[in-house]
2 protein chains.
Amino acid sequence: MTRNRQLHLGAFMRPVSLHTGAWRFPGAWPDANFNFAHLKHCVQLLEKARFDAFFMADHLAVLNMPIDALKRSHTATSFEPFTLLSALAAVTERIGLVATASTTFEEPWHIARRFASLDHLSNGRAGWNLVTTSNPEAARNFGRDTHMEHDERYRRALEFHAVVTGLWDSWADDAFVREVDTGLYFDPAKLHVLDHRGDYFSVRGPLNIARPVQGWPVVVQAGSSEAGMQVAAQTADAVFTAQPTLAAGQRFYANLKSRLEHFGRTRDDLKILPGVFVVVGETREEAAAQRARLDTFVHYDSGIASLSIALGHDVSGYDPDGPLPEIPESNASRSARQRVVDWAREEKLTIRELAQRVGGYSGLEMVGTARDIADQMEQWLVEEGSDGFNIMFPWLPAGVEDFVGKVVPELQRRGIFRREYTGTTLRDHLGLRRPLNRFFV
Amino acid sequence: MTRNRQLHLGAFMRPVSLHTGAWRFPGAWPDANFNFAHLKHCVQLLEKARFDAFFMADHLAVLNMPIDALKRSHTATSFEPFTLLSALAAVTERIGLVATASTTFEEPWHIARRFASLDHLSNGRAGWNLVTTSNPEAARNFGRDTHMEHDERYRRALEFHAVVTGLWDSWADDAFVREVDTGLYFDPAKLHVLDHRGDYFSVRGPLNIARPVQGWPVVVQAGSSEAGMQVAAQTADAVFTAQPTLAAGQRFYANLKSRLEHFGRTRDDLKILPGVFVVVGETREEAAAQRARLDTFVHYDSGIASLSIALGHDVSGYDPDGPLPEIPESNASRSARQRVVDWAREEKLTIRELAQRVGGYSGLEMVGTARDIADQMEQWLVEEGSDGFNIMFPWLPAGVEDFVGKVVPELQRRGIFRREYTGTTLRDHLGLRRPLNRFFV
């Protein structure tokens, strides 16, 4: 009997794509984003449901949006990832913990060391969401008035990754012998000095921490540009991606997986997990009603700013309760703009309704009963749209409770999601090999 | 009835001054430095004993010592401070958590954010041990072949501190209103954009995290040079210092406290806590025997390297079991050198014994019964040698268990150490005021 392909599930709980009206939903925790007890509760639920990982997105600036929208957003503040995930490591046992860290605004030594430390503290559950940071506001918090250009950020990221993995390999896995009788603490033949000198970094090493439990913590990326996909094919263990439809997901999946062989990697060496926003109800009607209700909590001031950005045209002067008029051409992304216009026309939405839709969340979503959602997830898995998903919950805590209480059991019943963890590390959960030490094979 | 002055107690558990033979002592945990369960056990014991803080020293390189000494040291690796202390925050409730971070090799934005995050996660228990990093090996891990010179490091540290505290004040304490009905998450009038432009840093702000629970996390420093003391007088809430004798401690205490008024601060605004190595026994003889036994676990190869450094002269060629011969003048610190020579002469130590003493630990120590140790601590407190101590334990876990089981009750009986915490934050424990927000008074 062949085992079904298995879904991998991550949970995504920080700003981007988390619905901006979520904090106002009846019964929701308005400070869920910034209350340790609340986050601990949610992550412990996810662990009971055998999720692969909890994923902490991050930004190195207050989000770049007009103050009238920002002041209505629960995303202005959050915990810093290393501190939050380390605290969560102490109150969980199995779930993976993925922290975002930027290759543009950090030093390789610090990043290598913090992830190694988190990996030891969590007994092999650390993941690094490697980002190059596209927000130009971030540069101004680090003494730079202009942001590094896109391709240069990726060249720097590749070298950064090489330095970090080289530092992780500073010590052989069996370097620390701790022989009390002879007084030998480590075997000096099992210590490697990296002495890296490259275009962007000079880093001597060795790292002052033992090799991580996983060899290397799991490396996650989200870049979907050409440069981003090449870096991912070369270095990522998992990719979190935004794909609006199954067809788009399949194209991305086929494209990225086909790039692996060139780097001597197999298709199983990289897992692709699109983000999906899930609203589950007892009936389809209930789920749809909840989803629609959620949009009503997006404040008009906030929604209209997002809508104007999406259209590339200020629409705040029109009647909120009238239809969307013809909008002139603009610099906005043409496909994103057309999608918004299509919604307005096809669903006969008022400007207010459209603003609340766009200002809330408008990426991939699955709304329906547990069976409906399981059907869609199974289809994505079977038809090679993904290896799993990075789940976004509509509000906390009920969004998590509904998903783990209703959808997860249905996925387990179908044999496409684990009932128990079969390993202890995040690499185990994701079905990834432990990297050999490049200096001590 | 006036209340006695109260001792403040911190625990110091990382490399420098932790006895290098500790990991070999019978019953000791050889990996105590790098085993989360062990550290958690010790810190929970310290919290039960009502310690003010647990202090995590740190280095940004493998310690700079000859490989023959390094390979015998348990200090080559350790957890990274932010990750370790955040994990400890999740399994403790009251004890302060002080992490070391360098103003020379970090960015103010990251440091402001991580300490703010740790302070929120721990409900007001974070402290920043602000160091300028004197180890030249560290520079080579951050792309610099030469280390920044001493006074420039301190000028940079002062500006770094100003930026970090400015970022901590980005939001008024009551900025986040989270009004579900109106949809207002924060009051934009209570957000301040720092826009710092100085000699070393340009940082726009605001910080994307609410003002810390303590207003500002506690700032700790250890610099004892002229520049270091001026920076401490201006910015530190507590100073950890190495003072070999009560007389030296009194001079340092009077000197540093006298500098505070110039900066508009009172003598109570800065607490001085010398490091002290404590060995407690049922009798003086037992304690002295344990202390002597500990030195026997310093490997000769390691000790002789330390002794040669202390003397500024290679003494590895002499008979280990013979006396110390006359040593020519050298570049070594004259007072440190003389102290070592005096030990050899006065106690008639062999080169081996001397090497083991110097290679183990040779700063301030208190060795005796609980009463003896309490007597000395009380004397330092009453005679203004210190406001308390930063305790170093001879080996783990017994060193902690002995101190909290024997010495702490004796200090409590004398009314010079708390029986219960009277506040919840590290500032409360240390008797420090909560800083006002400079932008929103």
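This is a guided tour of a predicted two-chain model, one selection at a time.

Local features need pLDDT of at least 70 and side-chain atom pairs pLDDT 80 or more, while totals for chains, interfaces and linings use all residues. Residues are numbered from 1 along each chain as written, chains are lettered from A in the order written, and side-chain values use heavy atoms, without hydrogens or water.

**Stop 1: both chains**

Show chain A and chain B together. A rotation of 180 degrees, with 0.0 Å of shift along its axis, superposes chain A on chain B at an RMSD of 0.0 Å. Now select A:Ala87. In chain A, its C-alpha is the nearest to the axis, at 2.0 Å. The same surface serves both copies: 100% of the contact residues of chain A recur in chain B.

**Stop 2: the interface**

Select the residues in contact, meaning heavy atoms within 4.5 Å. That gives 71 residues of chain A against 71 of chain B. About 6,300 Å² is buried between the chains, and carbon and sulfur atoms give 61% of it. Buried area here is the accessible area (1.4 Å probe) that two parts lose on being put together, summed over both.

Next, the polar side. Between chain A and chain B there are 40 residue pairs in polar contact, both residues at pLDDT 80 or more. A polar contact is a pair of N or O atoms within 3.5 Å; within protein, one must be able to donate a hydrogen and the other to accept it, and residues adjacent in sequence count only if both atoms are side-chain atoms.

Colour chain A by element. Helices (H or I, at least four residues) and strands (E, at least two) are DSSP runs, numbered from the N terminus. Helix 4 of chain A gives the most, with eight residues.

**Stop 3: salt bridges**

A salt bridge is a side-chain nitrogen of Lys or Arg within 4 Å of a carboxyl oxygen of Asp or Glu. Six of them join chain A and chain B. Zoom to B:Arg114 and A:Glu106: this salt bridge has its closest N and O atoms 2.9 Å apart.

The whole structure holds 69 salt bridges over all chains. For one within chain A, pick A:Asp169 and A:Arg438, with closest N and O atoms 3.6 Å apart. A:Asp169 lies in the loop between helix 6 and strand 5, and A:Arg438 in the segment after helix 15 (426–430), so the pair ties together parts 269 residues apart in sequence.

**Stop 4: the start of helix 6**

Select A:Glu149. Its side chain caps the N-terminal end of helix 6 of chain A, with an oxygen 3.1 Å from the backbone nitrogen of A:Asp151.

**Stop 5: backbone exceptions**

Most residues other than glycine have a negative phi, and most peptide bonds are trans. Go to A:Gly205 and A:Pro206. The peptide bond between them is cis, with omega near -5 degrees. A:Pro206 sits in the loop between strand 8 and strand 9 (218–221) of chain A.

Finish at B:Asp195. This residue is not a glycine, yet has a positive phi of about 50 degrees. B:Asp195 lies in the loop between strand 6 (184–186) and strand 7 (196–197) of chain B.

Methods
Least-squares fit on C-alpha atoms with pLDDT ≥ 70 in both.
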